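Please work through the following exercises with the sequence and the model at hand. A worked solution follows each task.

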Amino acid sequence: MTLKIYNTLARDKVDFKPIEPKKIRLYVCGMTVYDYCHIGHARVLVSFDVITRFLRSQQWDVEYVRNITDIDDKILNRADENGEVYTDLTERFIHAMHEDEAQLNVLPPDQEPRATAHMDGIIDMVSQLIDKDFAYQANNGDIYYRVNKFENYGQLSGKNPDELLSGARIEIGEAKEDPRDFALWKAAKPNEVYWDSPWGAGRPGWHIECSAMSKSCLGATFDIHGGGPDLPFPHHENEIAQSEAANGCKFVNYWMHAGAVRVDGEKMSKSLDNFFTIRDVLKKYHPEVIRFLIVSSHYRSAINYSEDNLIEAKSGLDRFYQTLKKCMHIEPTALVSLSASTYYPRFVEAMNDDFNTRIALAVMYDLVKEVNSLGEGDENLTSTLIAELKAMANILGVLQADPVEFLQAGSTNDGLSADEIEAYIAERQQAKLDKNYARADEIRKLLIEQKIVLEDSREGTTWRKE
RNA sequence: GGCGCGGUGGCAGAGUGGUAAUGCAGCGGAUUGCAAAUCCGUCAACGCCGGUUCGAUUCCGACCCGCGCCUCCA
């Protein structure tokens with residue numbers, strides 16, 4: 001079965017062909033660490049986590065690199081505002097990011113390079129670009145990339161270089177030869193952190209670090225480069241210009257871009273100041289709810305972030321966990337023995353088709369329906385199906401919680417304690433035995449007001465939070 | 001203005017040149033002391049106008065609407 005990937009460069013879904021058989025080298029643009037991660041970041045994190053998990057499940061040898069930008073104007077400005085050393089700021093938010101990732105069940109990448117640890121590679125690449133005349137030092141000391149010299153500029157984003165020229169803003173005191181040129185190296189301002197270079201003290205521009213880090217971690221040419229929806233221009237366009245000019249070879253074969261997260265129909269972003277951080281949402285919802293919301297639509301389509309959508313994601317998960325609850329302690333089926341499954345091949349087919357997680361989920365719902373409709377006597381089949389379900393869930397990185405705990409966690413942390421609830425259930429049980437249904441119903445009603453739903457079965461009464 | 005993406009049932013969200021998945025919600029039934037959960041059944045959708053075609057939601061063109069990038073942003 002062939003893997004199809006939507007390649008932004010081709011603007012089409014195409015068959016994936018690796019550089020090396022069964023090997024995939026993947027680089028994803030990570031965070032600039034000056035604040036907490038928001039839901040948009042979560043989407044990129046989760047999407048590429050699902051992608052790598054799936055690829056590995058299909059025996060692809062994935063080398064996943066996701067960088068950290070730990071030197072940048074925003075970082076220095078924020079550190080300045082806080083009156084702290086910039087490295088204290090970045091360390092703090094890197095730590096916070098790792099915590100958020102762990103909460104969302106995002107596996108760490110194989111390599112997580114930081115810009116400040118790759119200064120030699122960055123300086124080397126800038127030197128090469130200067131040597132090849134693709135870069136120059138302006139009279140303000142900055143080094144700029146000479147966009148006009150790179151023939152295919154605009155290929156990824158579909159921009160026409162001439163139109164970019166006419167539309168470009170010209171800053172006051174502009175030192176560039178051409179308004180489209182972008183900084184590779186910024187000369188140090190007084191009292192600013194700096195690194196020494198052949199062109200004087202300074203620090204790298206944003207784009208060059210990804211070119212240098214990807215080369216160092218994966219080589220001059222690699223298979224897939226991913227990132228958020230706002231990166232094709234200018235960031236990725238500039239990466240292509242830098243890497244291909246410096247290395248003299250193709251940079252990346254496939255470009256993948258996640259869709260936007262919107263709030264009230266507008267893009268959620270730091271610059272619009274309409275973002276929700278991951279930790280904001282985790283105060284109210286189980287982390288799997290966020291992950292499920294992301295996986296519930298295709299990674300490229302825009303998703304709307306709203307309370308309603310979170311509640312719906314929770315409901316969807318509840319359905320899975322209700323089924324899982326019936327059959328605890330079953331281990332997922334080994335992937336190799338899943339060929340006989342009626343569901344798994346459909347799941348794989350969907351995922352191989354540009355990672356269609358929504359259809360993968362539909363397959364899992366179909367399986368749940370079959371399990372739920374089986375009678376008591378079909379325990380073997382039930383176990384088999386549940387094990388298959390778990391194997392698929394592991395690929396999506398969902399359904400990792402204990403079913404009872406998940407169902408009882410609900411969407412809030414306030415209200416009655418488990419002991420209090422159990423006491424009410426015991427009292428209601430006695431009332432039922434006494435045929436005092438008025439009192440039994442009164443208790444249930446009282447609990448409903450606290451968002452506690454009771455479920456009676458032959459084995460007794462269980463509860464969950466709405 | 002340039003480039004690009006999208007408009008599918010009440011909501012969310014796939015997909016297809018020929019009976020349009022799946023989930024949530026609704027309705028009817030089974031089950032239950034009554035519920036909940038679950039099962040069975042059921043209602044209901046392809047922005048608008050042309051074209052190609054035996055046949056279009058799917059392909060082509062125009063239009064309307066929404067969104068993204070064009071500046072730091074995942």
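Predicted model: local features only at pLDDT ≥ 70, side-chain atom pairs only at ≥ 80, totals over all residues.

Residues are numbered from 1 along each chain as its sequence is written, chains are lettered from A and ligands numbered from 1 in the order in which they are written, and side-chain values use heavy atoms, with hydrogens and water left out.

**Exercise 1. Describe the overall make-up of chain A.**

Step 1. The secondary structure of chain A consists of 16 helices and 15 strands; helices (H or I, at least four residues) and strands (E, at least two) are DSSP runs, numbered from the N terminus.

Step 2. Its C-alpha trace extends over about 90 × 50 × 35 Å along the principal axes.

Step 3. Of the 466 residues of chain A, 52% are buried (under 20% relative accessible area; exposed is over 50%, partly exposed in between; 1.4 Å probe, protein chains only).

Step 4. Among contacts (heavy atoms within 4.5 Å) with a separation of 6 or more in chain A, 75% join residues 24 or more positions apart.

**Exercise 2. Determine the strand order and the pairing sense of the four-stranded open sheet.**

Step 1. The order is E5-E6-E7-E8, with antiparallel pairing; two strands pair if DSSP finds at least two bridges between them.

Step 2. Strand E5 (135-137) and strand E8 (202-204) are the edge strands, each pairing on one side only.

Step 3. Strand E6 (residues 143-145) and strand E7 (residues 182-187) are joined by three bridges, and Ile143 has Trp185 in E7 as its bridge partner.

**Exercise 3. Characterise the linings of the largest pocket and the second largest pocket.**

Step 1. On a 1 Å grid over the protein atoms alone, a pocket is an open set of points where a 1.4 Å probe fits, with protein on both sides within 12 Å along at least five of seven lines; lining residues have an atom within 4 Å of a point.

Step 2. The largest pocket has 50 lining residues, and Thr32, Asp72, Lys74, Trp206 and Leu231 lie nearest its centre. Helix H1 gives the most to this lining, namely five residues.

Step 3. For the second largest pocket, 23 residues form the lining, and Lys325, Lys326, Cys327, Glu376 and Glu459 are the closest to its centre. Here the largest share, four residues, comes from H10.

**Exercise 4. Locate the cis peptide bond at Pro234 and the positive phi values of Asp273 and Lys451.**

Step 1. Most residues other than glycine have a negative phi, and most peptide bonds are trans.

Step 2. The bond from Phe233 to Pro234 is cis, with omega near 0 degrees, and Pro234 belongs to helix H7.

Step 3. Asp273 has a phi of about 55 degrees. Asp273 lies in the loop between strand E12 (266-267) and helix H8 (278-282), and is exposed at 63% relative accessibility.

Step 4. Lys451 has a phi near 65 degrees. Lys451 is placed in the loop between helix H16 (437-449) and E14, and is partly exposed at 46% relative accessibility.

**Exercise 5. Is Asn356 buried or exposed?**

Step 1. Asn356 sits in the loop between helix H11 (344-352) and H12.

Step 2. Asn356 counts as buried because its relative accessible area is 17%.

Step 3. Beyond its neighbours within four places in sequence, Asn356 contacts His298, Ala350 and Met351.
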